[in-house]
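The following paragraphs lead the reader through one protein model, part by part. Please keep the sequence and the structure in view while reading.

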Amino acid sequence: KKPTADGTLTDFDEIVSVNLRAMYALSLDVIRGWIGRAHPGVVVNVSSPGAQRAHRNNAIYDISKGGVDAMTRCLAVDFGHHGIR
């Protein structure tokens, strides 16, 4: 944690890359495999309370976890017709 005013774009890129981008890439990889085999499935992504509630000096982390929640909902909508939720 560091004061939000001291955060850099490098900090942002690193945290979002680990917390959101990697989860997105892994989720899509699994989903594509399921679609290729016509296999239904459930994607479970772990987030944190930071997705719904802001914490002092934790803006980038909370932003990344909010993205995880939004991504998970979007994937459910986009791939539900394949039996993937």
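**A guided reading of the model**

R53 is exposed, with a relative accessible area of 54%; here exposed means over 50% relative accessible area, buried means under 20%, and partly exposed lies in between, for a 1.4 Å probe and protein chains only. R53 lies in the loop between α1 and α2. Its C-alpha atom is separated by 17 Å from that of N19, and the two residues are 34 apart along the chain.

Some conventions apply throughout. The model is predicted, and local features need pLDDT of at least 70, side-chain atom pairs count only at pLDDT 80 or more, and totals for chains, interfaces and linings use all residues. Residues are numbered from 1 along each chain as its sequence is written, and side-chain values use heavy atoms, with hydrogens and water left out.

Taken along the principal axes, the C-alpha atoms fill a box of roughly 50 × 25 × 15 Å. Of the 85 residues, 31% are buried. Among contacts between residues at least 6 apart in sequence, 64% join residues at least 24 apart, where contact means heavy atoms within 4.5 Å.

Helix α1 covers residues 9–36 and bends by about 50 degrees at S17. The bend is the angle between axes fitted to the seven residues ending at a given residue and the seven starting there. Which residues of α1 are buried? They are D11, V16, N19, M23, S27, L28, I31 and W34. What covers them includes α2, which spans residues 59–79. R32 also belongs to α1, but R32 is exposed, with a relative accessible area of 58%. Between R32 and F79, which are 47 residues apart along the chain, the C-alpha separation is 9.8 Å.

A51, another residue of the loop, is buried at a relative accessible area of 18%. Leaving aside neighbours within four places in sequence, A51 is in contact with D62, K65, G66 and D69.

On a 1 Å grid over the protein atoms alone, a cavity is a set of points where a 1.4 Å probe fits but cannot get out, whereas a pocket is an open set with protein on both sides within 12 Å along at least five of seven lines; lining residues have an atom within 4 Å of a point. Grid points are joined across faces, edges and corners, and a volume is the space filled by probe spheres set on the points.

The largest pocket has a volume of about 190 Å³. Its lining consists of K1, K2, P3, T4, G7, D11, I15, N57, N58, A59, I60 and Y61. Both α1 and α2 supply at least two residues each, and the largest share, 3 residues, comes from α2. By class, this lining has 5 nonpolar, 4 polar and 3 charged residues. Ala, Val, Leu, Ile, Met, Phe, Trp, Tyr, Cys and Pro count as nonpolar, Asp, Glu, Lys and Arg as charged, and the others, Gly among them, as polar.

A search of the whole structure finds 1 cavity of 30 Å³ or more. About 40 Å³ of space lies in the largest cavity, which is lined by I31, V43, T72, L75, A76, I84 and R85. Helix α2 gives the most to this lining, with 3 residues. The lining of the largest cavity divides into 5 nonpolar residues, 1 polar and 1 charged.

Key:
Helices (H or I, at least four residues) and strands (E, at least two) are DSSP runs, numbered from the N terminus.
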